[in-house]
Amino acid sequence: MNMKAVNSMNYEEFIDLFGNAVEKCPLIAAAIWSKRPFTTVVDLETSIFEFIDSLPQTGKEGILRCHPDLAGRELQSGTLTADSQQEQGQAGLTSLSQEEQEKLQHQNSRYKLKFGFPFVICARLNNKSKILQELTARIQNQPQQELHNGIEEVKKICHLRLQNIHW
Ligand SMILES: NC(=O)NC1=NC(=O)NC1=O
């Protein structure tokens with residue numbers, strides 16, 4: 001990534017490029033623009049992670065709530081962001097059997113009912129069976145544990161999205 005070019009961006013250009021590094025949370029890119037100049041993309045990523053970690057619990061829950069369900073209504077209606085579409089597609093979530101679809105939707109609903117935010121996992125590092133396995137296991141956790149797990153998965157998603165941005 002050409003950090004000289006990134007550091008010379010105005011905030012509109014910066015948000016255009018990094019606004020979806022965390023799914024549907026352009027506020028984060030808008031906020032960390034103030035931290036420029038960044039020496040490397042890892043430095044930029046660290047600023048994003050520090051911003052996330054500094055949020056109160058409600059802020060972290062809010063980030064999770066901005067994530068579309070895996071194989072959920074956005075995928076069915078074709079309204080996923082390009083990033084999510086690619087991630088969910090490569091995990092095999094666009095080619096589920098009727099039974100797999102129903103199982104995932106049922107577990108997702110149970111998870112959301114229990115925690116008040118969606119199950120979030122880095123789809124690029126998983127496949128459909130691992131995702132269902134993780135969802136079934138993690139639904140047993142306590143809320144604080146799942147808030148932590150979800151945010152850690154958001155960071156993995158963000159890391160891979162930043163690696164994919166060629167600038
Ligand atoms: N609920 C989710 O985990 N959503 C997602 N994970 C990804 O890696 N991409 C998504 O859209």
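This is a predicted model: local features need pLDDT of at least 70, side-chain atom pairs count only at pLDDT 80 or more; totals for chains, interfaces and linings use all residues.

1. Along the principal axes, the C-alpha trace spans about 50 × 30 × 25 Å.

2. On burial and surface, 46% of the 167 residues are buried, while the protein exposes about 8600 Å², of which carbon and sulfur atoms supply 53%. Among contacts with a separation of 6 or more, 70% are between residues 24 or more positions apart.

3. The chain is divided into domain 1 (3-62) and domain 2 (66-164), and the centres of these domains, taken over C-alpha atoms, are separated by 23 Å. Domain 1 brings 18 residues to the contact and domain 2 brings 16 residues.

4. Which residues touch the most other members of the largest nonpolar core? They are Phe 14 and Ile 48, in a core of 46 residues. The elements that give two or more residues to this core are α1 (3-7), α2, α3 (26-32), α4, α5, α8, α9 and α10, and the largest share, six residues, comes from α10. The core also draws at least three residues from each of domain 1 (3-62) and domain 2 (66-164). Leaving aside residues up to four places away in sequence, Ile 48 touches Ala 21, Val 22, Ile 28, Ile 32, Cys 158 and Leu 162; two of these partners, Cys 158 and Leu 162, are listed among the buried residues of α10.

5. At 1.5 Å a residue, its 22 residues should span 32 Å, and the end C-alpha atoms are 32 Å apart, which agrees. Its buried residues are Glu 146, Leu 147, Asn 149, Gly 150, Ile 151, Glu 153, Val 154, Lys 155, Ile 157, Cys 158, Arg 161 and Leu 162. What covers these buried residues includes α2 (11-18), α4 (41-54), α5 (57-65), α7 (82-90), α8 (98-115) and α9 (128-138).

6. Apart from residues up to four places away in sequence, Glu 146 touches Tyr 111, Phe 115, Phe 117, Arg 138 and Asn 141.

7. Thr 81, found in the loop between α6 (73-77) and α7, has a relative accessible area of 19%, and because the cut-off for buried is under 20%, Thr 81 is also classed as buried. Not counting residues up to four places away in sequence, Thr 81 touches Asn 20, Glu 23 and Lys 24. The C-alpha atoms of Thr 81 and Pro 68, which are 13 residues apart along the chain, are separated by 9.1 Å.

Note on methods
Residues are numbered from 1 along each chain as its sequence is written. Side-chain values use heavy atoms; hydrogens and water are left out. Helices (H or I, at least four residues) and strands (E, at least two) are DSSP runs, numbered from the N terminus. The expected span of a helix is 1.5 Å times one less than its number of residues. Buried means under 20% relative accessible area, exposed over 50%, partly exposed in between (1.4 Å probe, protein chains only). Contact means heavy atoms within 4.5 Å. A nonpolar core is a set of buried Ala, Val, Leu, Ile, Met, Phe, Trp, Tyr and Cys residues joined through side-chain atoms within 4.5 Å. Domain bounds come from an automatic or database domain assignment. Accessible areas come from the Shrake-Rupley method with a 1.4 Å probe; for residues, only the protein chains shown count as cover.
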